[in-house]
Amino acid sequence: MMKHTLHIAGLLCIWSACGEMGKEPSTLAPPQVLGARANPRTVSYGSTVELEAITHGVETLQWFVCFGPYIPDGDPRCATEPEFAELELGVGASMPLTIPDASTFESSGVDVPAIYVRMLASGEEGQQTSVATIPFAQEGTHPEIDAFLDENNEAPATNVLVDSTFALKPQLVVSDGAEDVLITWFVEGGEADPFRTRNAEETTITSSAEPGPMRVIAVIRDDNFGVGWYETTFTVTAP
């Protein structure tokens, strides 16, 4: 029997209604899935991983998995159907997943290099569908951010004025020898300029125009499907 390989997409996530697109891509607009990953990072046949996501304004998060790429056709379709139909995993902020043994796929002559996860996020403002590619045989740990710093490399003040600007940059935790990482910034009620930075570069945050809590999230991605995130909530006050 000829063995077929299902080629993975070149992007970590394929978004529909993606929060990173539009006029102000850094402004959080619920419901949003901002990033997803499997922990541990090493995924293989027969292993059990925890699927995790960072979200905003999401009341319920439904998880689905496909063992082939999703076809972006309105609502993404699992490419392996009907032989391997999309599986509904359940609802929750995170979700355990056990990968079938290799023999399950070998019987159909299919070599699966990744799992493909679909998330349906629902909230008061509607729904968003997001798809993440999680390859097998990744090594090491995911890149992480463990703090936000100001322009003086100190912890930033968490009380800011309405419509004010301030600098933030990430404090990175990455593996030795790692290539450049990409940071995508999201701000509740405000914006980041630029909304994408590399490594420990800083961005300028413009705070929201209304007093109240303001969530700032940074999602870090390496060039090999690794994902992490970090967030801080600032208190926006009137002068």
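In the predicted model, strand E13 and strand E15 (residues 165-173) run antiparallel and are joined by five bridges. Within this pairing, Phe-148 is placed opposite Pro-170 of E15. The two strands belong to an open sheet of four strands, in which the order is E13-E15-E19-E17 and the pairing is antiparallel. E13 (144-149) and E17 (191-193) form the edges of the sheet; each has a single partner strand, so one side of each remains without a neighbour in the sheet. From one strand to the next, the twist averages 35°. Strands of a sheet pair through backbone hydrogen bonds, in either a parallel or an antiparallel manner.

Most peptide bonds are trans, and most residues other than glycine have a negative phi. Pro-30 and Pro-31 are joined by a cis peptide bond with an omega of about -5°. Pro-31 is located in the loop between strand E2 (13-15) and strand E3 (32-39). A cis peptide bond also links Asp-193 to Pro-194, with omega at about 0°. Pro-194 falls in the loop that lies between E17 and strand E18 (196-198), and E17, spanning 191-193, is an edge strand of the sheet described above.

Positive phi values occur in two loop residues, Ala-137 and Asn-199. Ala-137, although not a glycine, has a phi of about 60°. The residue lies in the loop between strand E12 (126-135) and E13. With a relative accessible area of 61%, Ala-137 is exposed, because the cut-off for this class is over 50%. Asn-199, likewise a residue other than glycine, has a positive phi near 55°. Its place is in the loop between E18 and strand E19 (203-206), and E19 stands between E15 and E17 in the order of the open sheet. The relative accessible area of Asn-199 is 27%, and the residue is therefore partly exposed.

Of the 239 residues, 48% are buried. Among contacts between residues at least 6 apart in sequence, 67% join residues at least 24 apart. The protein exposes about 11500 Å², of which carbon and sulfur atoms supply 50%.

Note on methods. Residues are numbered from 1 along each chain as its sequence is written. This is a predicted model: local features need pLDDT of at least 70, side-chain atom pairs count only at pLDDT 80 or more; totals for chains, interfaces and linings use all residues. Side-chain values use heavy atoms; hydrogens and water are left out. Two strands pair if DSSP finds at least two bridges between them. Axes are lines fitted to C-alpha atoms, for helices over the stretch in contact, and angles run from 0 to 180 degrees between N-to-C directions. Buried means under 20% relative accessible area, exposed over 50%, partly exposed in between (1.4 Å probe, protein chains only). Contact means heavy atoms within 4.5 Å. Accessible areas come from the Shrake-Rupley method with a 1.4 Å probe; for residues, only the protein chains shown count as cover.
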